Amino acid sequence: MEILRTENIVKYFGEFKALDGVSISVEKGELTLIIGPNGSGKSTLINVITGFLKADEGRVYFENRDVTNKEPNELYHYGIVRTFQTPQPLKALTVLENLLIGEISPGENPLKALMYKTWINKEEEMVEKAFDILEFLKLSHLYDRKAGSLSGGQMKLVEIGRALMTNPKLIVMDEPIAGVAPGLAHDIFNHILELKKKGITFLVIEHRLDIVLRYIDHLYVMFNGKIIAEGKGKEVEEVIKDPKVVEIYMGGSYD
Ligand SMILES: Nc1ncnc2c1ncn2[C@@H]1O[C@H](COP(=O)(O)OP(=O)(O)OP(=O)(O)O)[C@@H](O)[C@H]1O
């Protein structure tokens, strides 16, 4: 079943056409990967999907609802969340606090804050939920460690944890294993496999095909703001051998 679809997305930066009619389809519970040389438009596409950039043309549908150009916080209510590299201020907070910040505290709403009892109950629930997620990510022993003291791979898991606090249906990730040692990189993708089994859908940009290939269900290749190849399941292997795809990587600036 399709959960997300883009239709002919066009995005300009000034005169420059960064996205030139991009149509993709993402199946529920699958991991869809987007690859492409530097500057091909991958980040721009996921920024449009997650509401951080506005499309100039085209539509985005999530669960058959038109969500084109909605704000990120509105999309979060639909169940679309994007992971972010832990910014500097969050590195000074503990792992547990990093997760709690992923959830909108009802205490932030002054009216609800007056209803002290409900608020306290909700806070307890959130802490419980955060610990369940930390347990799942095998990070619970690090709950009171400052996020900044973690390894790159552990930090990526915390980023996934923050996203999970929002009960997402679709998690969009930009290079989840960049700079992560291979062992932990597989660990991260094994967690993603577990989350897929729970029905969560993933849309991911990643350069390290050697590591991720075995985990993906659907592959799109972008070049110059366009999708130039795609394949599902067994076809994925053929896509990466496709002369068109090989050529753009040979001639392009691929990390
Ligand atoms: N805010 C912006 N203003 C102007 N040009 C931009 C902006 N963001 C991206 N671009 C340009 O749009 C093109 C696509 O960029 P994008 O970041 O989407 O590519 P990418 O495929 O994600 O590349 P990378 O793998 O390097 O992250 C690039 O030429 C980039 O310079």
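Student: How many salt bridges are there between domain 1 and domain 2?

Tutor: Happy to take you through it, and please keep in mind that this is a predicted model. The count of salt bridges between domain 1 and domain 2 is zero. To see where that count applies, start with the bounds: the domain assignment gives domain 1 as 1-79 + 168-254 and domain 2 as 85-167. Domain 1 brings 16 residues to the contact, and domain 2 brings 16 residues as well.

What do these residues bury? The area buried between domain 1 and domain 2 is about 1,300 Å², and carbon and sulfur atoms give 76% of it. On the domain 1 side, the residues that lose the most area to domain 2 are Tyr 76, Pro 168 and His 191, which together make up 44% of what that side buries.

Polar links across the boundary can be listed briefly. Besides the zero salt bridges, the count between domain 1 and domain 2 is one residue pair in polar contact, with both residues at pLDDT 80 or more. Turning to secondary structure, strand E8 (170-174) and helix H8 (182-197) each supply at least two residues of the side of domain 1 that touches domain 2. Of the elements there, H8 gives the most, with five residues. Sorted by class, this side of domain 1 has 11 nonpolar, one polar and four charged residues. That side therefore does include charged residues, although salt bridges between the two domains number zero, with a side-chain nitrogen of Lys or Arg within 4 Å of a carboxyl oxygen of Asp or Glu as the criterion.

Salt bridges do occur in the model: the structure holds 15 of them. One pairs Glu 63 with Lys 169, where the closest N and O atoms are 3.0 Å apart. Glu 63 sits in the loop between strand E5 (57-62) and strand E6 (65-66), while Lys 169 sits in the loop between helix H7 (152-164) and E8, so this pair ties together parts that are 106 residues apart in sequence.

For your ligand work, a last stop is the set of residues around the ligand, which includes Phe 13, Phe 16, Lys 42, Thr 44 and His 207. Gly 39 has a polar backbone atom 2.8 Å from an oxygen atom of the ligand, and for Ser 40 a polar backbone atom is 3.1 Å from a ligand oxygen. With Ser 43, an N or O atom in the side chain is 2.7 Å from an oxygen atom of the ligand.

Conventions: Residues are numbered from 1 along each chain as its sequence is written. This is a predicted model: local features need pLDDT of at least 70, side-chain atom pairs count only at pLDDT 80 or more; totals for chains, interfaces and linings use all residues. Side-chain values use heavy atoms; hydrogens and water are left out. Domain bounds come from an automatic or database domain assignment. Contact means heavy atoms within 4.5 Å. Buried area is the accessible area (1.4 Å probe) that two parts lose on being put together, summed over both. A polar contact is a pair of N or O atoms within 3.5 Å; within protein, one must be able to donate a hydrogen and the other to accept it, and residues adjacent in sequence count only if both atoms are side-chain atoms. Helices (H or I, at least four residues) and strands (E, at least two) are DSSP runs, numbered from the N terminus. Ala, Val, Leu, Ile, Met, Phe, Trp, Tyr, Cys and Pro count as nonpolar, Asp, Glu, Lys and Arg as charged, and the others, Gly among them, as polar. A residue is near a molecule or strand if one of its heavy atoms lies within 4 Å of it.
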